[in-house]
Structure formats: C-alpha cells, structure tokens
Amino acid sequence: MNKRRFRSLPDLRNYREHLLSSSRKRHLVSVSAASCGRAAGAVEVIEAFEREIEKRGLEDSVELRVTGCHGFCQFEPDAVIFPEKIFYPNLTPEKVPRVVEDTLIGGKIVPGLVYSEDADGKIFPYLEDLPFLKKQVRRLLDRHFTLDPESLDGYVQHDGFRALEKALFEISPEEVVNLVLASGLRGRGGAGFPTGLKWRLAREAPGEEKYLICNGDEGDPGAYMDRGLMESNPFSIVEGMIIGGYAVGATRGFVYVREEYPLAIERMEKALISAREAGLLGENILGSGFSFQLELVRGAGAFVCGEETALIASIEGRRPFPRQRPPFPVVKGLWGRPTVINNVETWANIPPIIKEGPAWFARVGSPTGRGTKIFSLVGQVRRTGLVEVPLGIRMSEVVEEIGGGPASGKIIKAVQTGGPSGGLLPASRFDLPIDYESLQQAGTIMGSGGLIVIDDSTCIVDLALYYLKFARDESCGQCAPCRLGTARMVDILEKMVDGRGDIEDLNLLERIGRTMKEASLCGLGRTAPNPVLSALRYFREELEKHLIENECPAGVCRALVSYEIDSSKCALCRLCLESCPADGIVEMEDGYLKIDVNICTGCGVCYSVCQDMFSAVRKIPRKKVKVQGE
Amino acid sequence: MKDKEEEREKVRALLSVLPPEKRYLMLFLHRVQRETGWVTEEAQRMAAEYFAVPVSEIYGLVTFYSAFRTEPGSKNEITVCQGTACHLRGSSRLVEELTRLLGMKSGQEKPEKGVSLKTVSCLGCCALAPVVVVNGKYFGRVRADQLSEIAGKLQTRNDE
C-alpha cells in the first residue's frame, strides 16, 4: 500500500518523475479483470500467468498487470501483451503456457489463439487491427489497457492528477468553469445538460456550503459504461470531482454507487482511501489552500435513485422519492444547499478537458454534442462490448462496422437506446447520427449509453412488456400517472402476448402513454412509456399481427407459438425428450419423436437444445396446430 | 431469550460507531444486514430510537430498497439476472425452470430447503447473457438444460 503523502506541488511532480524514470520490464501482460472478466474466469487466468512466469523465471522481464475492463466483453477474459500489443481473446488457464512460451519467450504470436473472424479464418493478432476498434475513438477507454485500477502510483504514472495540478496552481476556479463550458461537454447520464453551465449556476448560487455528487446509480438494464469506468479507472472520477469542487466552490462530494456493483464499490472505495492517504483529498490539497472531502455512499437497489432528486433523498437517508423541479439541485440540492450532480462518465471527462484543453475535446463530435461517448453495445449482434465513439457517428457504423452486424441468418430490426426510458430506432433509420437531439426527434433518447441490438428473433411486444414490467416494478409509486400507467400498460401488453388482445388496445396504449408523458412527476415516469410508444410508431404492423392474426412473427410469445420436430433432420439424439420439463415429447412406434401439443407449454427448451446441432425442432404458429379443448 | 439479547448487543455495537444523523441510516441498514443476514424488527426499532425517526420511516426504507431483507436469508442463494440482454436470451425461461426444479417461486425463501431464488434487474455482464449467480459465483451463457446440474450441486451441499 502506498503511504506516500504529497504536501506540495513539487512533491507530486517529483514523485511522478521518479515513477516515470524507473526502469520498466520488457513485457507487460495486461489481463482484463472487471466484473465480467472475473465472471468469465479472469482470476484463474491471472493465477495461471503468475505460475507460468515464476516457473519460467521471467519475473525480471515480464510484468503482469491486473486491469479493469478492456471493453471486449464477449472475448473475456482477454490479455494484451505489450509493447507488441498482441491481443489474446477468451483465455483459459490451459492456453496460458503457450502464450508464455511462444510470445513472451519466443517473441512470436500463437496463431491458433489470437482473434479471428469465423467466416474466412483471417487472423487479427494486434490490437490496432481489431475490427471492433477500427471506428472507435478511445479517449477514456484506452487507458483501461494499461492502468491498474487499484494503484495510485499507476494513475500518477499515466499523467494522473496533471489536470488537478493545472487547475489548482495555474488557473482560477472561474477559468475552470469556462474551460468546461467552452468544451461543449454535456451530461453523459442522458439529459444532456451542458456541464459547464450547471457548474456556473452552482458557482453563482448563494450559499457558503456547496456539494458535488457523482451519480453512479447506473440502473438501466443492459448498460454498464459507468461500471466499466469505476472498475477500471476510479482515480479519474476522483480527480474530476476535486477539480469540480475547486471550480464550483464545493467542500464536499459524494460518490453514489449502486449496490449491484460490488467490485465498483470496492475499487472506488480503495481509490478514495489512497487519495486521502496521499493528501489529494482532505485539507489544503497539495498546499494549494483548497480543501475537499469525498466519500462513497452505497445504494440499496432502487432504479428510481438514478433520478437526481431521488438520489439526493437517498443520500440524506430519506425514502428516495423524486420531487418537483425547479428548484433544481444547483440551487437547492443536498440538504437544501447548491449541489452539482453529474454522471460518472461526465466526471471522468473532466481531467482530459482541463489537461488537453476544450479545443482538443471539441475536435470530435456532432454540432450539438462534442467529444466522445461510451456505449454498451449488447444484444443480438456479432461483437459486443464497451465502445467509445465520437458523438454524431451513424448508428449503422456502430452496429455494422463495430458490432459486425447480425449473426448469420438473422436480420437486425432495431436498436433499443436509453434503456427503459428510451425507445426503438428501427433499422431503416440507422443512417441517423447518434447524438442527443437526433435520437430524441426519432422518438427515443440517447440516454446513458445502452445500445441493445435486436434481430428478428425478438418480439417487439415481448420487449415492450419487459420494459414496462421493469418500470412498473421500479416506479416509486408516488404519482398516479406513473404508478397506474405502467401497471395498465403491463396488463394490456400481457393480454397481447397471450393472444387475448383487442385492436382497440393500441389506441388505449397510446392514450395512456401520452398522459404519462405529460403528467408524471419525474423524468422516469415521463419516459417510462417510451418503449411502447416507439414500438407503436415503428412496429405497429408487428403489434397488429398479434391482435388480428394471433401470430407472433418472431415466435416468442408462448401462447401464439408451438413446436414440431422435422423427422428428416432429427438425429434421434433424444436430447429434446430428456430436457423437456413437461415430458411432452413422445417416442412414436416408428422410433421417431413427436411433440404432444396437448402437453407442450411452448417453453422452447427443445428448440434451444436442438438449434445449434440439428435444427430439427422448428417453430410454428400455434393456431396451426389442433389443441384439444381450445 | 439469550439470542435476543445477543442480537440487541450486535445492533447496539453497530449503532454506536455511527453518528446519530439520518444520513447514516442506510449505512447502518447495510451493516446490520451483513452482520445478521437480515434487518429484524428489533433492529428497526433500535435504529428508530437512535436516529430519532419514527419506526415507520425505517420500515419504509427497508421495504423500499430491494437490497434489504425483512426475513432471514438462506444458506444458498440463486440469482437470475433479468437484464435486457439476459431477457432476450431467455432468462425468464431459466427462472421458470429453476422454479420447477426447486419447487419454489422467485423471491421466495425456503429456509427448510436452504435455497432462495431471486431475480435482479441487471448485473451489467450483458455479454455473458443469460447470467445466473449461485452463491456469488457467476455462470454465463446458461442454458435451461444446465440448471438441473447447478441446482443438484446445491442439494448435495445441503445434504452434507
């Protein structure tokens, strides 16, 4: 543990010099070990590297570094070997000895272990060749390859706290606000309010005591940009907030992290402790005369806490009900004092803006949204992971070029953006640039950065129902439009997936949605109907098919779908028979298998076990089979 | 009786290290749950007194947040992620199958079976969807037909 304490600017600068001048080992092996890396077995891979490095006596020439998230979620756990930047995806302890033998000792790549695209067998051994990275501009994520998230030294070595030095010793708080304003940075949590303006309002608000909050309550299902940042580079958030405190005139800050992210909590907490020990938080930071305290607050599992006024209530120890705005938190926030509340990614953008200047930041982006934005690209697309792209990039570039398009035989039909508060952008609109305004005009929102790609195997009604159930469960229940509106929408959509819907229901959904948009108290309630409204706007035909023809084109809605076994493809492996939870598959006299439609519950387990092997189980509309008693 | 006094002692110790300000209520609830596995009525009453707020308010917090329990937890905990990516890849089928295998509903505690089944909105491991967490260990890309093996392991552990 680093117990060094920096009492002055030269203290920190000399220490950085010292770190930079100390000799480096020939190779650096960086293993991604954020939550998903760990879930995929990163710890075992790290141990295998440790063993192998020791066994081969490579301690002096190879440094093993446990890093945060590299962003290649589906290739986890992966390792990058520096300085060559050789990328090894999907590592297992068994593969590690070959990497050590051939690459670290032999200086060659292992062709069988580097990345290749299945189609033509072409290999991509080096990081810069990866198709996934081609269109990305990784200003924030780039550091995740080489940064040890738990080491203050590591951060200092990566130019950490240089922006803080500049802010505290070279420019006035006013000028810091102006730099952020000039950069054009807008809130990365979704609402897109200009960050510099928020800071100025808080700075000018009367009051001695002011606060900062980092909103790390990333609640949208399918989005994990902020988790990636907190688990990979927590010090950048700390540095951003100290600079913010100096600019706004705040003395205290709070980092609110959702309960479901234990590793993010652990790493943020560690970062706060080492920053305190080093004198970078606390009284008289680096002898500048500026003092700032920062502490972590742990959420307890409530989506509504992502709403800023609810989050403030949560920190105060009150039940997290959103309240009417104005007054906005910049005027009346935590404990009634002026409070700047920004999202994790917004704070992480502050140090580079101060260090490199607003012109550098604004070099990329769209006219109304400057800089880069991190998205979590997930769902039914070939390559998934965290992507950082300039705002204004076209959706098609993200889905097709970075994501690699649909899985074979599938057709991508839409991207759901902005989680439960967002909506669907259909494939026909993929030429749209991704920024705050254009997506809003298209009926969705950019949101905090979740991009969920859906193909023709996803049912729009089922997806809308999923989001509305989520909204219903997470509604705080305070105001009627949201509490009742979400529940009514769920009822109607449930009728639809059960094949009991009525065509009139579509108009009803629209009316309820409009009411919720107009009359809900907070942003969450106002945006909750979006998934349904955008489905009505772009996929009305698919909705109508459920209602008029009792058919689910995607074959998802259980009441509308049945299965049959194609005997010409069936290999008689009996896997379906054994895995059917309802014992609904019977062996015929001729030895072939058959699904008994009277027993079949439509769960689709038979379909999923057979799909990858023989594709002998196929979906058929339920109305085409004769079920007794129906 | 002795258990009760022991519990009170534990709660008292947890309270005594926190300033009696409302903002430390959540931290207290997190700690008491970690120590005892759940937030008992007694703990809520003691906290109400310590923080000088009505018990109803504390009960309101405990029941509003999904992280706090008002019943004891089980030895084994299975959590199925219901994030969007997991949903698209069939996580509701997994819940259904687990429900069948364990003979219990999601959100249900079955202390006599030593298993509780929970769902969570999103764990943020979307590329591994669908994700099932068993006693803190993550399983990615889980298929329904693999669940009996996972559930079976718990049963044997229970029998031991």
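Two residues are said to be in contact if their C-beta atoms, placed from the backbone, lie within 7 Å. The model is a predicted one, in which local features need pLDDT of at least 70 and side-chain atom pairs count only at pLDDT 80 or more, whereas totals for chains, interfaces and linings use all residues. Residues are numbered from 1 along each chain as its sequence is written, while chains are lettered from A and ligands numbered from 1 in the order in which they are written.

Where chain A meets chain B, the contact draws 40 residues from chain A and 36 residues from chain B. On the side of chain A that touches chain B, at least two residues each come from helix H2 (35–39), helix H13 (308–316), strand E11 (372–379), strand E15 (450–455), helix H18 (460–474) and helix H25 (605–611) of chain A; helices (H or I, at least four residues) and strands (E, at least two) are DSSP runs, numbered from the N terminus. By residue class, this side of chain A comprises 20 nonpolar, 14 polar and 6 charged residues, where Ala, Val, Leu, Ile, Met, Phe, Trp, Tyr, Cys and Pro count as nonpolar, Asp, Glu, Lys and Arg as charged, and the others, Gly among them, as polar.

Chain B has 7 helices and 5 strands, which follow one another along the sequence in the pattern α-α-α-α-β-α-α-β-β-β-β-α. Of its 160 residues, 39% count as buried, a residue being buried if 20 or more other C-beta atoms lie within 10 Å of its own, exposed if 12 or fewer, and partly exposed in between, with C-beta atoms placed from the backbone.

Chain A is divided into domain 1 (25–132), domain 2 (152–361), domain 3 (372–455), domain 4 (460–548) and domain 5 (561–624), with bounds that come from an automatic or database domain assignment. The centres of domain 3 of chain A and domain 5 of chain A, taken over C-alpha atoms, are separated by 35 Å.

Strand E11 of chain A also pairs with E12(A) in the antiparallel sense over 6 bridges, pairing being assigned if DSSP finds at least two bridges between two strands. A hairpin of 5 residues joins E11(A) to E12(A), and A:Lys373 has A:Val389 in E12(A) as its bridge partner. Because 6 of the 6 residues of strand E12 (residues 385–390) of chain A are buried, this strand is largely enclosed by the rest of the structure.
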